Amino acid sequence: LHLLSRRQRQMCIRDRDKRWKVCKDINEFMIFCNAINEQSYLNTVPLKLQIETTDICNAKCIMCSHSYNPGSGKTILNSKLLTRLEPIFPFIKVIILPGNGEPFLLTNITEYLDKMSSYGIRFITNTNLSILSDVLVERIRDSFEELNVSCDADEKELYEKIRVGLDFDQFVENVCKVRKTCPHLRMRMMVVLMKQNVHRMAPMVEFASNLGFDEILFNQLCMDEKNQNTKDGAYLYPEELMVNMKEAKRAGEIHGCLLYTSPSPRDG
């Protein structure tokens, strides 16, 4: 392929993508038929596939198990796993790459993305976006449809107090680079809401909007005795939470940033 002209390469890529699209469309149609006919035996594969990446992280956030447990150190996503999954790649539309760690820590992440995207697969992932190379941002631009970025504060001191080990200025620089390079990428800021940052809800909405995020999602804290945060859940302070929630909603309307909240742990 590298011996062909740029125009010829583009034509080959388009032809390849059309071929994979046919496979995916047929699989989707068969899924629909199976559902209509209430088949108990499915002769299809999923449209979406979730692959765990790693339990390694470069941060020790105060609300995360990584603050007291570094994990196994295993790289779950590897070439052997991709080889085993490759027969179904022609039929998969989207692969979700979550992880109990930071997926962009994987040394071969761009190689794995290239392998999967060669089958016309798109990606969604969660990341703290503390790591970003020029090659990686190109892959995000070309192959990702959604990026969920973890961030729990709009100011340096609080951010680095919560996300221990990360640098606020580097985070902002990386977000701006992704937004500039990937103008059509769906970006969502993911915030863990707790006593430490509940008073910053409205400024967080403005911060997210200024950085170019399309949405902001406030998740309730999952309290853990090992993190000594059983009194940090924002829903334990309902009056303060409601005041800040109203201000955040107004900020969302002003700045055009969609705002969502997850139910509290006691609501299931």
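Author: We will take the features in turn, starting with the pocket. One point comes before that: this is a predicted model.

Reader: What is the volume of the largest pocket?

Author: The largest pocket has a volume of about 720 Å³. Its lining comprises 27 residues. Closest to the pocket centre are Met63, Cys64, Ser150, Arg163 and Val192.

Reader: Which strands each supply at least two residues of that lining?

Author: Look at strand S3 (122-127), strand S4 (144-150), strand S5 (186-193) and strand S6 (215-220). Each of these gives the largest pocket at least two lining residues.

Reader: What does the lining of the largest pocket have by class?

Author: There are 10 nonpolar, 13 polar and four charged residues in that lining.

Reader: Next, charge pairs. What is the general idea?

Author: Opposite charges on side chains can pair when the charged atoms come close. Now the case here.

Reader: How many salt bridges does a search of the whole structure find?

Author: The search finds 18 salt bridges. Take Glu28 and Lys93, whose side chains meet at 2.6 Å, N to O. Glu28 sits in helix H1 (residues 6-36), and Lys93 in the loop between helix H2 (79-85) and strand S2 (94-97), so the pair ties together parts 65 residues apart in sequence.

Reader: Give me another pair.

Author: Glu86 and Lys115 form a salt bridge through their side chains, at 2.9 Å, N to O. This pair links distant parts of the chain. Glu86 is in the loop between H2 and S2, and Lys115 is in helix H3 (residues 109-117), 29 residues apart. Lys115 counts as partly exposed, with 34% relative accessibility.

Reader: Which residue's side chain meets that of Glu146 in a salt bridge?

Author: Arg188, with 2.9 Å from N to O. Glu146 counts as buried at 18% relative accessibility. Arg188 counts as buried too, at 18%. Now widen the view. Glu146, Arg186, Arg188 and Glu215 are linked in a network of salt bridges.

Reader: Now the rings. How many aromatic pairs does a search of the whole structure find?

Author: Seven aromatic pairs turn up. To read one, check the distance between ring centres and the angle between planes. For Phe89 and Tyr119, the centres are 5.8 Å apart and the planes are at 55°, so the pair is tilted. Phe89 lies in the loop between H2 and S2, and Tyr119 in the loop between H3 and S3, so the pair ties together parts 30 residues apart in sequence. Phe89 and Tyr119 are both buried.

Reader: Which residues do ring pairs link into a cluster?

Author: Tyr159, Phe168, Phe171 and Phe207.

Reader: Phe207 brings me to helices. How do I read a helix face?

Author: Count in threes and fours. An α-helix has 3.6 residues a turn, so residues three or four places apart point the same way. Then turn to helix H7 (residues 201-211). Its buried residues include Met201, Met204, Val205, Phe207, Ala208 and Leu211.

Reader: What do the buried residues of H7 pack against?

Author: They pack against helix H6 (168-181), S5, S6, helix H8 (238-255) and strand S7 (258-261). Just after H7, Gly212 takes a positive phi of about 95°.

Reader: Last one. Is Leu158 buried or exposed?

Author: Leu158 is buried, with a relative accessible area of 11%. This residue lies in helix H5 (residues 156-162). Beyond residues up to four places away in sequence, Leu158 touches Ala153, Gln196, Asn197, His199 and Arg200. The C-alpha atoms of Leu158 and Gln196 are separated by 8.2 Å, though these residues are 38 apart along the chain.

Methods:
Residues are numbered from 1 along each chain as its sequence is written. This is a predicted model: local features need pLDDT of at least 70, side-chain atom pairs count only at pLDDT 80 or more; totals for chains, interfaces and linings use all residues. Side-chain values use heavy atoms; hydrogens and water are left out. On a 1 Å grid over the protein atoms alone, a cavity is a set of points where a 1.4 Å probe fits but cannot get out, and a pocket is an open set with protein on both sides within 12 Å along at least five of seven lines; lining residues have an atom within 4 Å of a point. Grid points are joined across faces, edges and corners, and a volume is the space filled by probe spheres set on the points. Helices (H or I, at least four residues) and strands (E, at least two) are DSSP runs, numbered from the N terminus. Ala, Val, Leu, Ile, Met, Phe, Trp, Tyr, Cys and Pro count as nonpolar, Asp, Glu, Lys and Arg as charged, and the others, Gly among them, as polar. Buried means under 20% relative accessible area, exposed over 50%, partly exposed in between (1.4 Å probe, protein chains only). Contact means heavy atoms within 4.5 Å. A salt bridge is a side-chain nitrogen of Lys or Arg within 4 Å of a carboxyl oxygen of Asp or Glu. Rings of Phe, Tyr and Trp (its six-membered ring) pair if their centres lie within 6.5 Å; planes under 30 degrees apart count as stacked, over 60 as edge-to-face and the rest as tilted.
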